[in-house]
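This report describes selected features of the structure shown below.

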Amino acid sequence: MQSEILRHNDTLLTQHTRRYQFLKDELEHNGVDVDIILQKLTEFQIAIPSWALGTGGTRFGRFPGGGEPRNLEEKIADVGLLHSLNRSSGAISLHIPWDIPEDAQAIRDLAASYDLKFDAVNSNTFQDQRDQEFSYKFGSLQHVDSQVRKQAIDHNIEVIRHGIELGSKSLTVWLSDGSCFPGQLNFRKAFENTLKSLEEIYKTLPSDWKMFVEYKAYEPNFYSMTVGDWGQSLLYANKLGNKAYTLVDLGHHLPNANIEQIVSLLLMEGKLGGFHFNDSKYGDDDLTVGSIKPYQLFLIFNELVSGMDEKGLNHATDLGWMIDASHNVKDPLEDLLQSVEAIKIAYAQSLLIDRKTLNYAQLNSDVTLCQEILQEAYRTDVRPLVAESRKRAGGALEPIKLFRDKMVRQQLIDVRGSKVMATGL
Ligand code: PSV
Ligand code: MN
């Protein structure tokens with residue numbers, strides 16, 4: 001792939017250089033240190049979820065497009081391909097038991113050969129597995145029956161064990177626990193059971209690990225969710241201890257929630273652990289990042305950068321950056337390339353915000369100026385900057401163009417077949 005990337009970049013170089021030079025001159029004229037921004041962009045990696053490499057379905061059906069990965073090895077190969085194209089997808093997030101590594105060392109070596117790390121491992125107590133003794137129909141960690149809770153706890157501990165073998169450093173717990181009808185659940189008991197169960201899991205966490213408690217407003221339970229919002233997640237995280245954090249999935253809020261404010265306060269409290277990026281129009285739509293509300297994504301990054309800088313955090317490594325998106329209509333790999341690009345664009349724009357003047361404008365309650373400053377950054381076309389950082393890191397100037405020119409999907413179909421379906425939802 002490397003020689004193909006070089007050839008591809010050569011053909012686009014004149015056009016790219018013209019655009020990049022124009023932007024660079026503009027930014028430097030305004031006092032921006034472009035090299036620092038390029039450096040930050042290069043370091044910023046976004047983990048790819050193993051469950052997004054196949055076509056996602058809805059409860060009405062699934063329309064696989066062919067060439068989907070048939071096993072964990074092929075999933076790693078797909079992420080390796082993305083990473084070679086964009087040099088920004090240097091990690092994979094696994095979901096157990098969808099992706100149990102049979103030979104951990106071999107899987108680790110394979111990932112390393114693509115320059116990939118393992119990001120958070122995810123447990124799954126929202127589905128029943130064939131060989132499972134107790135059902136999660138009425139919840140897992142919240143369940144009224146201690147045997148069900150124990151089974152779910154043991155599963156999470158097992159997931160941590162797999163993660164340790166792979167060199168992962170975090171566990172994401174997302175629970176579908178909750179209730180569908182009023183009266184079904186004693187809310188306090190459900191909370192207490194969940195907390196006690198999480199404590200059992202937390203106890204087994206290695207000292208350099210983090211636990212991410214992901215919340216979701218509704219679905220699959222439609223009356224109450226036991227970790228339903230950032231307040232509940234924060235309650236659990238605070239009670240569990242300093243290795244526990246809240247995880248924000250952009251699709252898990254009620255309509256019009258001010259996610260950037262949530263992010264800002266969680267960061268302020270030192271309790272923002274990580275992100276699941278996606279986009280949505282109505283609910284947990286899992287659409288391509290930046291496809292519906294790119295301005296919201298930028299405002300979130302504005303808070304992230306401002307909050308991380310205030311705490312002296314490393315943008316690239318101190319929080320978990322993961323995509324959690326997949327749907328029915330696009331090529332999943334093209335979709336992921338678009339998602340990563342959207343994240344990098346929002347990140348780059350947020351690095352351009354004139355924070356000094358914004359602070360001055362805020363102190364003077366100059367609302368108009370505040371908006372001007374944010375939108376000045378948001379309306380800057382930073383794509384040449386993102387492309388330049390990718391080129392410098394050895395990636396392709398236009399990853400999707402190269403993916404299509406090389407007919408990668410057809411090659412995958414030739415090898416894997418047209419009727420395969422990857423594991424996932
Ligand atoms: C649940 O909707 C979720 O966002 C959780 O992160 C799960 O792990 C993932 O999606 C499963 O697709
Ligand atoms: Mn998620």
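## Residues with positive phi

Arginine 87 is located in the loop that connects helix 3 (72-86) to strand 2. In this predicted model, arginine 87 adopts a positive phi of about 55°, although it is not a glycine. Most residues other than glycine have a negative phi. Arginine 87 has 23 other C-beta atoms within 10 Å and is therefore classed as buried, since the cut-off for that class is 20 or more.

Asparagine 256, in the loop between strand 8 and helix 8, is likewise not a glycine and has a positive phi of about 65°. Is asparagine 256 buried or exposed? It counts as exposed, because 6 C-beta neighbours lie inside 10 Å and the exposed class covers 12 or fewer.

Glycine 394 follows helix 13, and its positive phi is near 100°.

## Cis peptide bonds

Most peptide bonds are trans. Isoleucine 96 and proline 97, however, are joined by a cis peptide bond with omega of about 15°. Proline 97 belongs to the loop between strand 2 (91-95) and helix 4 (104-113).

A cis peptide bond is also present between glutamate 219 and proline 220, where omega is about 10°. Proline 220 is placed in the loop between strand 6 and strand 7 (224-225).

## Helix 7 and its buried face

Helix 7 spans residues 230-240, and its buried residues are Trp230, Ser233, Leu234, Tyr236 and Ala237. Viewed down the axis of helix 7, these buried residues fall within an arc of 160°, so they line one face of the helix. An α-helix has 3.6 residues a turn, so residues three or four places apart point the same way.

## Helix 8 against helix 9

Helix 8 packs on helix 9 (residues 294-311) at an angle of about 15°, and their axes are 8 Å apart. The two helices are therefore roughly parallel to each other, because angles under 35 degrees fall in that category. Their crossing is right-handed.

On the side of helix 8, the residues at this contact are Ile259, Glu260, Val263, Ser264, Leu267 and Met268. They meet Gln296, Leu299, Ile300, Asn302, Glu303, Leu304, Gly307 and Met308 of helix 9. By class, the contact comprises 8 nonpolar, 4 polar and 2 charged residues.

## Helix 5 against helix 6

Helix 5 (residues 146-166) and helix 6 pack at an angle of about 35°, with 9 Å between their axes. This crossing is right-handed.

Helix 5 contributes Arg149, Ala152, Ile153, Asn156 and Ile157, which meet Asn193, Ser197, Glu200 and Ile201 of helix 6. The contact is made up of 4 nonpolar, 3 polar and 2 charged residues.

## Helix 13

Helix 13 (residues 383-392) is mostly covered, with 7 of its 10 residues buried. The buried positions are Leu385, Val386, Ala387, Glu388, Ser389, Arg390 and Lys391. They pack against helix 1 (2-29), helix 2, helix 3 and helix 10 (332-351).

Alanine 47 lies in the loop between helix 2 (34-43) and strand 1 (48-49). It counts as buried because 26 C-beta neighbours are inside 10 Å. Leaving out residues up to four places away in sequence, alanine 47 touches Ala91, Ile92, Ser93, Asp119, Trp321 and Met322. From alanine 47 to glycine 395, the C-alpha separation is 17 Å, and the two residues are 348 residues apart in sequence.

Phenylalanine 298 is part of helix 9. It has 24 C-beta neighbours inside 10 Å and therefore counts as buried. Which residues are in contact with phenylalanine 298, leaving aside its neighbours within four places in sequence? These are Ala346, Gln349, Ser350 and Tyr378. The C-alpha atoms of phenylalanine 298 and glutamine 375 are separated by 9.8 Å, although the residues are 77 residues apart along the chain.

Notes
Residues numbered from 1 in each chain as written. Chains lettered and ligands numbered in written order. Predicted model: local features only at pLDDT ≥ 70, side-chain atom pairs only at ≥ 80, totals over all residues. Helix = DSSP H or I, 4+ residues; strand = E, 2+ residues; numbered from the N terminus. Arc of directions from axis to C-beta. Axes fitted to C-alpha atoms, helices over the stretch in contact; angles between N-to-C directions. Parallel < 35°, antiparallel > 145°, perpendicular 65-115°, else oblique. Left-handed = near helix turned anticlockwise from the far one by under 90°. Contact = placed C-beta atoms within 7 Å. Nonpolar A, V, L, I, M, F, W, Y, C, P; charged D, E, K, R; others polar.
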